[in-house]
Every structure is written in structure tokens, then in C-alpha cells.
Amino acid sequence: MTSSFDLVTKTQVQAKKTYWNLTPPLLYEHIIKQNEAMMAEFGPLVIYTGKCTGRSPKDKFFVEESSSQNHIWWNKDNKAFPIDKFEKLKVRVLDYFQQKELYIQDCYGGADPAYRYPVRIITDTAWGSLFAYNMFIHAEPLTPQSFSPEVTVLVASGFETEPEIDGTRSDVVVAINLGQKLAIIAGTRYAGEIKKTIFTVLNYLFPLQGIFPMHCSANIGKTDDTALFFGLSGTGKTTLSADPKRRLIGDDEHGWSDHGIFNFEGGCYAKVIRLSEKDEPEIYSMTRRFGTILENVVIDPATRKIDLNDDTITENTRASYMLRELEHHEPSGMGDHPKNIIFLTADAFGVLPPIAKLTPGQAMYHFLSGYTAKVAGTEKGIKEPQATFSNCFGGPFMVHHPSVYAKLLGEKIEKHQVDCWLVNTGWTGGPYGTGERMKIAYTRKMVDELLSGSLNNVAYEVDPVFGLRIPQTCPGVPEEVLNARNTWKDPAAYDQQAKKLATMFQENFKQFADGVPNEVLSAGPKLT
């Protein structure tokens with residue numbers, strides 16, 4: 001027996017059977033029956049994603065089509081895909097779907113009802129549909145007939161593309177057609193591709209409406225003060241925003257409109273490798289509940305106990321769960337304009353201070369630079385941290401030229417008089433391999449103090465190379481930790497590393513030099 005339906009693009013989709021908007025209990029039944037996962041102790045599902053345990057950025061493309069091609073910043077992250085190849089690929093994926101049972105989730109991207117995109121996610125696995133249920137926003141009960149998606153994602157995880165036929169780089173592809181608002185994900189079971197595809201599409205659509213899309217987490221304090229945490233995977237966005245003293249708006253993707261901040265999602269996708277119940281109790285609790293998906297976490301098949309410390313499969317172990325399951329969350333998914341913006345970096349050189357206050361020009365400079373270290377396992381082939389620059393702290397997901405997003409940020413900072421900070425969650429006392437990772441207890445304390453406003457009343461010293469204002473004291477943090485140079489046994493070695501990193505900043509920023517005001521250009525590091 002086959003069933004069929006139309007995409008918004010008027011493409012006919014046929015399948016052996018289709019399941020619409022199943023809830024987690026029903027999806028559990030399908031997942032277990034089809035042997036897609038193992039149920040762990042306390043009820044989460046453990047999924048293995050096979051060859052792809054992280055994103056495949058080299059396999060992501062944008063279709064060349066008239067409505068979007070002049071808006072896209074074509075670069076190594078935003079690669080072109082011929083429209084004729086996309087149409088042929090779509091036909092082949094639809095042929096593949098005919099032999100499958102399909103699972104469909106109708107949901108939304110955007111918690112603010114005024115800025116909410118209907119999204120339809122069609123998967124060839126039940127667990128992929130549970131991931132979509134966890135990660136996106138659900139409104140009133142829907143029927144397929146009443147829902148009109150603005151964005152549709154076809155997930156053919158079991159379909160491996162053929163480069164000679166499909167024009168792809170490998171047997172994996174993420175192809176986004178912004179004109180059709182249709183994306184195809186094929187050849188990978190890594191669910192992070194689904195959420196990042198939606199994020200990428202919204203990063204294209206929202207700036208056209210004057211809304212600033214951000215790769216950041218957000219939370220709210222007891223006085224309803226909103227804080228934003230920018231950073232790439234592994235820098236602490238999820239960890240630092242999941243604070244029991246504050247309400248979590250979201251851990252990864254947000255918009256900033258004239259109304260304030262709003263989450264794009266309804267769930268979290270947290271890294272859980274070596275997760276500590278003591279340091280991260282809220283996230284830890286989510287690894288022991290019904291409805292959570294654990295990706296590539298090692299499990300004992302006999303006892304069904306999980307081992308969060310085991311990185312045998314990958315460093316990039318993940319947990320997908322609904323925000324509403326957290327004790328400390330903001331039910332609306334929205335917040336007021338932020339009082340503080342925190343740029344997180346994991347500095348593999350051990351050079352940057354653990355905390356520094358930024359001028360507006362420095363905030364723009366570091367936003368455009370997006371310096372951090374890629375953390376092991378986040379992408380295929382990354383075995384240990386590597387220094388990288390990712391514009392806007394999310395280069396792989398930014399569709400427009402970085403200046404579009406930077407302009408929106410600058411306007412928001414000025415209009416709402418936001419304090420901006422740089423926080424280094426990376427290495428101290430030396431570079432990766434010599435130094436040690438900054439203690440999370442120290443980082444949490446520094447963040448607590450800046451959010452309380454107490455760091456506005458302490459003395460600062462200025463770093464001679466990076467020009468950063470470093471607090472000389474912070475309650476609960478040893479003074480010698482605050483200045484990175486003081487943590488090195490050999491100050492001369494630190495100076496050499498600082499100059500090395502400063503040169504990297506300068507070389508990277510040359511690509512933006514012609515498009516930014518002098519205030520931003522002069523905010524970078526100085527070499528004497």
C-alpha cells in the first residue's frame with residue numbers, strides 16, 4: 001500500500017506509508033520495533049550514527065537560483081550547486097522515498113509568534129522524527145491539511161549519493177534550494193544536520209526582515225535581565241547558559257527583533273562527553289529521562305547503563321531533549337533586549353584572558369573574527385582542537401556577507417547600550433598540550449559576577465597586544481588566573497605565542513577591512 005502527498009513546491013511524494021506528527025510515545029514504539037535504537041537505563045534512546053558522527057561541512061551546498069544568488073556570500077562554506085543537478089537529485093531521493101515508510105513532523109522555527117516559520121521535516125527513520133519533535137517548536141494541534149510549510153527538509157539518511165551522477169563531493173550531501181525553500185539531506189544519520197539546515201535557512205530569511213539571527217545561547221535572570229552567549233560548539237554556550245539561577249531561553253540559535261530575543265528552537269542539542277553531574281546538573285539529568293536521544297553514547301548492551309566518559313565512538317556525543325523538560329527554562333522562549341553579550345572562545349594557544357570587557361568596536365571586531373578552537377569530533381577528521389576563525393561565531397551557517405550580520409549587531413548594541421565581554425573557556429598556563437583547560441567553576445563565577453554588575457566596579461588593566469580590558473580582581477577567582485601571561489612558567493614563551501595569535505587575527509581580518517568603520521578596524525591586536 002502506498003500513500004502520497006504534495007510538497008509546497010507541488011512535488012508529489014510517494015511512500016509505502018506516511019506517519020504524520022507522531023508523539024514521542026508512538027515514535028518510541030516505531031523506533032524499538034524497527035531496531036533503530038537501544039533504550040538505556042531510565043528511558044533515553046541511544047542512537048549510533050555510523051560513519052558521520054559530526055557535521056559534513058564540505059558536503060553542504062546552496063543551489064544556484066535567481067532569487068538568492070545575489071544575496072549569498074559565496075565562499076568555502078557557501079558553495080554552489082547547479083540547479084539541474086539539484087532537480088535530478090530530488091527525483092532520485094523521491095524515488096528512494098517510494099520504498100520507505102516516511103515520518104513527518106510539522107513544527108515551527110521561531111518562538112515569537114510574530115516571527116515564526118512553519119517547517120516540515122520528512123525523515124526516513126522514526127528516530128529522526130523524534131529528533132525533529134524534540135528540537136523544534138510545536139503550537140496548536142495541527143493536521144496536514146491545515147499546515148502550510150514555508151521550509152521543507154527531506155532527510156534521506158539511508159540514501160547515499162553518487163558523485164558521478166549527482167554532482168556531489170561524496171556520498172553525503174546537504175543541498176539547500178532557497179528559492180524553493182527546500183533542503184535535501186542524504187547519506188548521513190547525524191541529526192545535527194537537520195537543526196543546522198533550518199538554522200541556515202533562517203539565517204538567510206531573517207536579515208531580509210531586519211531581524212538579527214544569532215548562533216548563541218540565551219538566558220534570563222531574576223530581574224528579567226537577558227544575557228547572550230555567542231560561541232561555536234564546545235565553547236560553553238550550552239553549559240554556561242544552563243544556569244539554575246537563571247531561566248534558559250535556548251542553548252544555540254536565536255533571533256533579535258524590535259521585540260527582543262526569541263529562540264529558534266524548542267529543544268537543546270547538548271554535547272555530553274564527560275558530562276559532570278556536579279558541574280552541569282540540569283543537562284546531566286536530561287541524559288536519564290524518557291524522550292531524550294543520546295547520539296553515539298557508549299552503552300552496556302546487557303545492563304543498558306550509559307558511560308558518558310567513553311569517547312570510543314566520538315568526542316561529539318550529543319543529547320537531544322525538549323526545553324520544557326528543564327526545571328529552569330523560560331516557557332515563552334523569549335526575552336527582553338539583552339543587558340550583556342558574552343563572546344565565548346576556547347583559545348588553544350592559551351593566550352587570551354579568561355575574561356575581558358570589550359568596547360563596542362572590539363565587540364564588532366571579535367564578532368567578525370569569531371576566533372576559537374574546533375573541538376575534537378565536532379566535524380569529521382578533527383581529532384584534537386585546532387585554532388580557527390569562524391565569522392560571526394557561526395561561519396558555516398551564515399548565508400549573507402558577514403557585514404550584514406555585523407551591522408545588525410552594531411545597531412543593536414548602540415540602541416540598547418549593551419555591555420560586551422570576551423570569555424575564554426580554553427587553555428591557561430600554556431597552549432593545548434602543555435597548559436590545562438580553564439576550570440569551569442572559575443568561568444561560572446566570572447560569568448556570575450559580570451551578570452550581577454559587580455565587575456563594572458573593579459580596576460582594569462589593558463593587555464598590551466590585544467588591547468583588552470582585564471579585571472584585576474573577581475570575587476571567588478584567584479587573581480593570578482585573570483591575566484593569562486601570569487599563568488605561564490615562561491613569560492617570554494607567552495609573548496611569542498601572543499604575537500603569533502595576534503598575527504593570525506590580523507591576517508584573518510584583512511577580508512573584512514574594506515567594509516568596516518575605523519572604530520572596528522582599529523580595535524584589533526597591535527604588534528610593536
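In what order do the five strands of the open sheet run? They go β4-β5-β19-β22-β18, with mixed pairing. Keep in mind that this is a predicted model, where local features need pLDDT of at least 70, side-chain atom pairs count only at pLDDT 80 or more, and totals for chains, interfaces and linings use all residues. Residues are numbered from 1 along each chain as its sequence is written, and side-chain values use heavy atoms, with hydrogens and water left out.

View 1. Strands here are DSSP runs of E, at least two residues, while helices are runs of H or I, at least four residues, all numbered from the N terminus. Further in, β19 (residues 293–295) and β22 (residues 318–322) pair in the antiparallel sense over three bridges; pairing takes at least two DSSP bridges between two strands. I293 stands opposite S320 in β22.

**View 2. Helix α3, under cover.** At the start of the helix, a side-chain oxygen of T125 comes to within 3.1 Å of the backbone nitrogen of G128.

**View 3. Two aromatic pairs.** The whole structure holds 31 aromatic pairs. Rings of Phe, Tyr and Trp (its six-membered ring) pair if their centres lie within 6.5 Å; planes under 30 degrees apart are stacked, over 60 edge-to-face, and the rest tilted. F199 and F264 have ring centres 6.0 Å apart and planes at 55 degrees, so this pair is tilted. F199 lies in helix α5 (residues 192–205) and F264 in the loop between β17 (260–263) and β18 (267–271), so the pair ties together parts 65 residues apart in sequence. Both F199 and F264 are buried. For W488 and Y494 the centres are 5.6 Å apart and the planes at 80 degrees, so that pair is edge-to-face. W488 and Y494 are buried too.

**View 4. A ring cluster and charges over rings.** Ring pairs link Y115, Y117, F199, F206, F262, F264 and F397 into a cluster. K196 lies over the face of F397, 4.6 Å from the ring centre. The cut-offs: NZ of Lys or CZ of Arg within 6 Å of the ring centre and within 35 degrees of the ring normal. Likewise, the charged end of R437 sits over the ring of W427, 4.8 Å from its centre.

Terms used
Polar contact = N/O pair within 3.5 Å; in protein donor to acceptor, adjacent residues only side chain to side chain. Buried < 20%, exposed > 50% of the residue type's maximum accessible area, 1.4 Å probe, protein only.
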